[in-house]
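Trainee: Could you show me how to read charged side-chain pairs in a model, starting with how accessible the partners are?

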Amino acid sequence: MTWINKYKRLWRTAVLILLLTSITGPWIFDRIYVPAQYPCSPPNYRLAGDFCGIPFAGIWFYSSAIGHIFNLTARLFAGEIALTHLSLEMLWRSLFLLPLLPFFTTLLLIFQGDRHLKLALAGWGAALIMSLFLGLTNSFRPSLVAWGIWLYIGLAIVALVLELFVFRSRAALQTQHV
């Protein structure tokens with residue numbers, strides 16, 4: 001698969017564009033209690049049982065998580081919360097930011113070459129796990145309405161496979177030169 005290595009800057013740029021597209025699409029639902037006998041009116045969708053939901057873009061989700069982290073930090077410096085509470089809360093909120101990591105690692109790979117390939121592989125792997133968690137737990141069931149997260153999950157799988165091919169071919173080249 002020499003075309004993967006030959007055109008890696010091109011497909012990494014395409015991955016970056018699709019990543020940005022997926023983050024602007026719907027990822028999660030703001031759940032609203034609506035008894036099952038009543039219909040969900042647009043822009044709401046019936047999620048399960050007595051819940052409807054309004055889809056929110058991934059970018060909204062991430063800006064909210066970043067806002068919570070800044071809020072927790074400000075509360076720590078104001079003396080409103082203890083460091084032990086902050087560290088657990090901050091760790092939990094930070095886990096939700098993992099799907100943003102491939103954006104930065106892909107930029108590094110495009111502009112600096114394969115020096116950060118291991119970091120990119122770790123970033124895509126962690127992002128895939130977290131986005132699967134979000135996709136399968138937040139919407140009650142896999143929903144095509146939340147196409148942004150499913151595009152991201154598919155993209156993460158494809159990018160991880162492509163980067164693994166690059167890593168493998170790089171490792172094979174290094175062993176040939178030794």
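Mentor: Lys8 is partly exposed, with a relative accessible area of 21%, whereas Asp114 counts as buried at 13%; buried means under 20% relative accessible area, exposed over 50%, and partly exposed in between, with a 1.4 Å probe and protein chains only. This is a predicted model, in which local features need pLDDT of at least 70 and side-chain atom pairs count only at pLDDT 80 or more, while totals for chains, interfaces and linings use all residues. Residues are numbered from 1 along each chain as its sequence is written, and side-chain values use heavy atoms, with hydrogens and water left out.

Trainee: How many salt bridges does the structure hold?

Mentor: Side chains of opposite charge can pair when their charged atoms come close. The structure holds 3 salt bridges, each being a side-chain nitrogen of Lys or Arg within 4 Å of a carboxyl oxygen of Asp or Glu. In one of them, Lys8 pairs with Asp114, the closest N and O atoms being 2.5 Å apart. Lys8 lies in helix H2 (residues 8–24) and Asp114 in the loop between helix H5 (101–112) and helix H6 (117–137), so this pair ties together parts that are 106 residues apart in sequence; helices here are DSSP runs (H or I, at least four residues), numbered from the N terminus.

Trainee: With which residues does Arg12 form salt bridges?

Mentor: Arg12 forms a salt bridge with Asp114, at 3.0 Å between the closest N and O atoms, and the side chains of Arg12 and Glu163 also meet in a salt bridge, at 2.8 Å from N to O. Arg12 lies in helix H2 and Glu163 in helix H7 (residues 147–177), so that pair ties together parts that are 151 residues apart in sequence. Both Arg12 and Glu163 are buried. Through shared partners, the salt bridges join Lys8, Arg12, Asp114 and Glu163 into one network.

Notes. Helices (H or I, at least four residues) and strands (E, at least two) are DSSP runs, numbered from the N terminus.
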